[in-house]
Amino acid sequence: MEYVFSNAAVARSFTAYLGTAVGVDAPSKWRIAVPGLPEGFNQVDLVAVGVILLISVCICYSTKDSSMVNMVLTAVHVVFILFIIVMGFWRGDARNLTRPSDPAHPGGFFPNGVGGVFSGAAMVYLSYIGYDAVSTMAEEVEKPARDIPIGVSGSVVIVTVLYCLMAASMSMLLPYDAIDTEAPFSGAFRGSEGWGWVSNVIGAGASLGILTSLMVAMLGQARYMCVIGRSGVMPAWLAKVHPNTATPVNASAFLGLFTAALALFTELDILLNLVCIGTLFVFYMVSNAVVYRRYVLAASSSSSIPNGGSDRRGASAWPTLAFLLAFSLLAIAFTLSWKLAPEGRARIALLACIGIAAVATVGAFQLLVPQAHTPQLWGVPGMPWVPAASVFLNVFLLGSLDRPSYVRFAFFSAATVLVYALYSVHASFDAEETGSGDDGGAKVQDEDCKV
C-alpha cells in the first residue's frame, strides 16, 4: 500500500512539473473538475494515469531494458539537480532564510518553532521510500551480497546530501511562505524577468526525475507482490513470471491499475499524509523486528543464518518482547509530553527524565540479554542502539501528523488485517502443507522464471 500511495502521489506531482516545462503555470488546467465528488477527490488527473500505465508497460516488458532507461534518466536528472542547486545559491538571497514574504506570517530561521521542524521531518519521509526497493532486485543482481548493501547505503547518503543542498537553495530563492507547494523549484523562477526559461528547464528536469522515481518504485512494488504471492499470503496468480521477459507481469499490471485508479482522483496532500503515516509505522515495525530477529532464535534459525553466522540456542523471547514494549511506551510518553505538556521547566525536566529512562532501558537490555545469533552479512551495526533510535524517532514523528491521516490509515490497516485473517493465514498454511522441495521458504515457485 505504501508503494501504491507514494507512486500515485508522485504521478500527481508529475502533472504540475510537466506543466511548468511547457509553460502551463496551473496544473488545474490539465485536470478535470468533477462536480458532486467530495473535496480532495474531485480533480481527475488523466496525465498521472497515463504516465503510470506507460511505466507499467515498460516494466512488464523487460527488467534489463527498464533498468537501462532508468540509468539514463537518472544521469540526466542528476545534472538537472546540480543545475538547480547552482542556480539557487547563485540567484538566492540568504535573507530569505529568516524573513517571510508576508509580515503577518511568523519569521526567523524556525518560523514555526522546533515543532514545525519535526512536522516537516514527518512529511519528508516520503523522500526515503524506495531505497528498500533495491533489496527486491537481489534475485536479478550478479553479486547481491556485495552490491545490495552498497546500493542501499550509497544511494541514501548521496540523496540525503543532494536533498539538503536543494532545500537550502530553495529556501534562499524564496521565503518559505511564498513557495509553490505544487512545483516549488520551477515556481521560484516563474515571473522573474529574464529568468523564466529556468522555470521551464527545471520543470523538464523534475519531470524526468519523477519518471525515474516511478520506475524504480514500480519495479520494487511488483517484486514485493510477487514474493508475497509465492508465499501464499496473496493469490499465487500474482507470483506468475512471464517465461519470455522473466518479469512478474501479473503483479506489475495489477499494481499499475490500482495505482492509476488512486492517482486519477485523489489529491496530492491526502496521498502524502497517507504515505508518511504508513511509512513511519512500517519503519517502526521493521526496527522492532530487527531487534527481535537478532535476540530471539527462530525455530529454523540454523538454516536461515547465512555464511557461517553463529547462533545461540535457548534464547527466550520474553525479555526481548518486554524491552520492545517498555521502550515503545517510553517513546509514546515522550511524544505525548512534547505535544501536551505546558512549556516551562517542568516540561523540560519531564522530557529529560523520560529520555534518560529510555537510554537506561536500552543499556540494560544490551548488558542483560545476549544476542541469539550474529550474522556475517546483512547485519545491522550498533545493536540494539540503532534500531532503538529508529523506534524512538518514528514514534515521535508519528505524533506530528494530523487526525484525518490516522483515520484513513486505520481504515486501510483494518482492511489489510481482514484480508490477512480471512485469507492469507489459511492460504499460506495450506500452501506450506502441500508444498514440496528444498526451497525452504518459497512455497509457490514459478518454474518458468529464468533470470
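This is a conversation about a predicted model of a protein chain.

Visitor: What does the secondary structure of the protein chain come to?
Guide: The chain has 15 helices and four strands.

Visitor: How many aromatic pairs are there?
Guide: The count comes to 14 aromatic pairs.

Visitor: Why is the pair of F5 and F412 called edge-to-face?
Guide: Start with distance. Ring centres must lie within 6.5 Å to pair. The centres of F5 and F412 are 4.9 Å apart. Now take the angle. Planes over 60 degrees apart count as edge-to-face. The planes of F5 and F412 stand at 75°, so this pair is edge-to-face.

Visitor: What makes this pair a tie between parts of the chain?
Guide: F5 lies in helix 1, residues 2-21, and F412 lies in helix 15, residues 403-434. Those parts are 407 residues apart in sequence, so the pair ties them together.

Visitor: Are F5 and F412 buried or exposed, or in between?
Guide: Buried means under 20% relative accessible area. F5 has 4%, so F5 counts as buried. F412 has 22%, and that makes F412 partly exposed.

Visitor: What kind of aromatic pair do F281 and F409 form?
Guide: They form an edge-to-face pair. The distance is 5.4 Å centre to centre, and the angle between the planes is 65°. The cut-offs are within 6.5 Å for a pair and over 60 degrees for edge-to-face.

Visitor: Where do F281 and F409 lie?
Guide: F281 is in helix 10, residues 268-295, and F409 is in helix 15. They are 128 residues apart, and the pair links distant parts of the chain.

Visitor: Why is F409 called buried, and F281 partly exposed?
Guide: F409 has 17% relative accessibility, so F409 counts as buried. F281 has a relative accessible area of 34%.

Visitor: Which residues form one aromatic cluster?
Guide: Y295, F323, F327, F334, W338, F365, F392 and F396 form it.

Visitor: What sits over the ring of W338?
Guide: The charged end of R347 does, 4.8 Å from the ring centre. For Arg, the distance cut-off is within 6 Å.

Visitor: How do you know that Q221 is buried?
Guide: Its relative accessible area is 5%. The cut-off is under 20%, so Q221 is buried. Q221 is found in helix 8, residues 196-231.

Visitor: What makes Q221 and N7 a polar contact?
Guide: Their side chains meet at 3.1 Å. The distance cut-off is within 3.5 Å. Q221 also touches other residues, including Y3, V4, L255 and T259.

Visitor: Why is S287 called buried?
Guide: S287 has 7% relative accessibility, so S287 counts as buried. The place of S287 is in helix 10.

Visitor: What does the side chain of S287 reach?
Guide: The backbone oxygen of F283, at 2.8 Å. Leaving out residues up to four places away in sequence, S287 touches P387, S390, V391 and N394.

Visitor: Why is S231 called buried?
Guide: S231 has a relative accessible area of 18%. The cut-off is under 20%, so S231 is buried. S231 lies in helix 8.

Visitor: How many residues apart are S231 and S424 in sequence?
Guide: They are 193 residues apart. In space, they are 9.3 Å apart, C-alpha to C-alpha.

Visitor: What share of the protein chain is buried?
Guide: Buried residues make up 40% of the 451 residues.

How values were computed
Residues are numbered from 1 along each chain as its sequence is written. This is a predicted model: local features need pLDDT of at least 70, side-chain atom pairs count only at pLDDT 80 or more; totals for chains, interfaces and linings use all residues. Side-chain values use heavy atoms; hydrogens and water are left out. Rings of Phe, Tyr and Trp (its six-membered ring) pair if their centres lie within 6.5 Å; planes under 30 degrees apart count as stacked, over 60 as edge-to-face and the rest as tilted. Helices (H or I, at least four residues) and strands (E, at least two) are DSSP runs, numbered from the N terminus. Buried means under 20% relative accessible area, exposed over 50%, partly exposed in between (1.4 Å probe, protein chains only). A charge sits over a ring if NZ of Lys or CZ of Arg is within 6 Å of the ring centre and within 35 degrees of the ring normal. A polar contact is a pair of N or O atoms within 3.5 Å; within protein, one must be able to donate a hydrogen and the other to accept it, and residues adjacent in sequence count only if both atoms are side-chain atoms. Contact means heavy atoms within 4.5 Å.
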